[in-house]
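Open the model in your viewer and keep the sequence panel beside it.

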Amino acid sequence: ETIGAGGIFYIDDTQTWTNDRIWGMNGKVVVRAGGVLNIEAGTIIKSENAQGVDATALIIARGGVINANGTATAPIIFTDVNDLIDYNDGIVSPNRVPTDTGKWGGIIILGDAMVGQDGGNDDIEGIASGYDWTNYGGSNDNDSSGVLTYVSIRHSGTQLAGGDEIQGLTLGGVGAGTTINNIEVVGSNDDGIEIFGGSVNVSNVVILAQRDDALDLDQGYKGTIDNAVIALRANSDNPFEIDGTEDSTGANDGVYTVNNVTVYGADNPEPGKNNLGDWKSDATG
C-alpha cells in the first residue's frame, strides 16, 4: 500500500501502518498537528527514490505524533523502493549494502521545545520553505512528539540545493517528552542524525557508513545522547559536528551531554576531515 502520490500527503487523523504488508511512501508524507501515525513492530516501509525537491520524506510536524514501536527482534525498517527486502528476509536486505546512499529523503520530527535561534523558532532544512508544517521550536522543553524505538533508517539522505539536506533522522525542537532509542541509521548520504535545538534524549544508536557527519548538533541542543556506535566509511566527514546557539542574545546556549560513544574511524576520511570531530561556534557541552 502506497501513501502519497509524489507531492504532499497530509495525515490529520489517526492512522496505523501494519506489519501485514509492505508500505510505500511517495513524496512528502506529513503528520500535521493533531495527526497520529502508529507503526507496528516489524513493519517495512519503502520510499520512492525521486531526488531534490521531489525526494520522499516522512515529516512529523509540530503538534503531530508518531508511535513507531519496534522491538529488538522485529524492528521497523525504512528503506528505498529498490531494496528487495521482504518479510521472509528478516532484517537483512538481499541486495542493498551499507554504502548504498541517498536513495530517498529521511525522517524529520519537529517539536515545540526551545531552540537557539532568534525568535525561538526556525524552518527545517531539506524541505522547501513556505509551509507552516516546516516550522519548529517554541517554549515547551517537555513537549512530546511520540515514540521512535527499534527503528532502522536505511540508504537515505538527499540534498535539495545549496547545502540544504535531509538527514537519516532530523530532529528540530523536539522535547524531552519524546522517546527516541535503539535507532540505526545506515548509508545516509548526509548526516546520520542531526539535531536542531530541543531537549530530547537519544540513546542506543548505531550510525554506519554515512557520507557527512554521524552526529550533528545545532542551535543550542541541550539533551543527552547516550550509548552510540559510529562506524565511518571511506570519504565520510566527521563522527561529530557540534555547533552552539544561533540566538544573538545568547539566552538559550544549550548545554548538551554526549556519553559512551565508540567510533570506528576510516583510513581515508574526506579530505580536510578527521576521525575525531568538528567543534564549532559557541558549542557548550
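Here is a tour of this predicted model, from the whole chain down to single residues.

**Stop 1: the whole chain**

Show the protein chain as a cartoon. How many helices and strands are there? The count is 0 helices and 23 strands. The radius of gyration is 17 Å, close to the 19 Å that the globule rule gives for 285 residues, so the chain is as compact as a globular protein of that length. Along its principal axes, the C-alpha trace spans about 50 × 45 × 35 Å.

The accessible surface of the chain is about 10,700 Å². Carbon and sulfur atoms hold 45% of that area. Of the 285 residues, 53% are buried.

Next, think about contacts between residues at least 6 apart in sequence. Of these, 68% join residues at least 24 apart.

The chain has 13 positive and 41 negative charges. Their mean positions lie 6 Å apart.

**Stop 2: salt bridges**

Side chains of opposite charge can pair when their charged atoms come close. The structure holds 8 salt bridges. Visit a few of them.

Select aspartate 12 and arginine 32. Their side chains form a salt bridge, 2.9 Å from N to O. Aspartate 12 sits in the loop between strand E2 (8–11) and strand E3 (14–17), and arginine 32 in the loop between strand E5 (28–31) and strand E6 (36–39), so the pair ties together parts that are 20 residues apart in sequence.

Now select aspartate 80 and arginine 96. This is another salt bridge, with the closest N and O atoms 2.9 Å apart. Aspartate 80 belongs to strand E10 (residues 76–80), while arginine 96 is in the loop between E10 and strand E11 (106–110). The two are 16 residues apart, and the pair links distant parts of the chain. Check the accessibility. Aspartate 80 is buried, at 0%. Arginine 96 has a relative accessible area of 18%; buried means under 20%, so this residue counts as buried too.

Move to lysine 222 and aspartate 141. Their side chains meet in a salt bridge of 2.8 Å, N to O. Lysine 222 is in the loop between strand E19 (215–218) and E20, and aspartate 141 is in the loop between strand E13 (135–136) and strand E14 (146–154), so this pair ties together parts that are 81 residues apart in sequence. Lysine 222 is partly exposed, with a relative accessible area of 28%.

Then select Glu1, Asp20 and Arg21. Salt bridges with shared partners join these residues into one network.

**Stop 3: a buried aspartate**

Select aspartate 213. Find this residue in the loop between strand E18 (202–208) and E19. What does aspartate 213 touch, leaving out residues up to four places away in sequence? Its contacts are Asp190, Asp191, Gly192, Asp237, Asn238, Phe240 and Glu241. Show their side chains.

**Stop 4**

Most residues other than glycine have a negative phi. Look at two residues with positive values.

Select glutamine 219 in the loop between E19 and E20. Its phi is positive, about 55 degrees, although it is not a glycine. Glutamine 219 is buried, at 2% relative accessibility.

Select asparagine 235 in the loop between E20 and strand E21 (240–242). Here phi is near 70 degrees, again positive in a residue other than glycine. Asparagine 235 counts as partly exposed, at 36% relative accessibility.

**Stop 5: a strand valine**

End at valine 229. Which strand holds valine 229? It lies in strand E20 (residues 224–231). Valine 229 is partly exposed, with a relative accessible area of 32%. Set aside neighbours within four places in sequence, and its contacts are Val205, Val206, Ile207, Thr262 and Tyr264.

Key:
Residues are numbered from 1 along each chain as its sequence is written. This is a predicted model: local features need pLDDT of at least 70, side-chain atom pairs count only at pLDDT 80 or more; totals for chains, interfaces and linings use all residues. Side-chain values use heavy atoms; hydrogens and water are left out. Helices (H or I, at least four residues) and strands (E, at least two) are DSSP runs, numbered from the N terminus. Buried means under 20% relative accessible area, exposed over 50%, partly exposed in between (1.4 Å probe, protein chains only). Contact means heavy atoms within 4.5 Å. A salt bridge is a side-chain nitrogen of Lys or Arg within 4 Å of a carboxyl oxygen of Asp or Glu. The radius of gyration is taken over C-alpha atoms; the globule rule is 2.2 Å times the number of residues to the power 0.38. Accessible areas come from the Shrake-Rupley method with a 1.4 Å probe; for residues, only the protein chains shown count as cover. Lys and Arg count as positive and Asp and Glu as negative; His and the chain ends are not counted. The place of a charge is taken as NZ of Lys, CZ of Arg, CG of Asp or CD of Glu.
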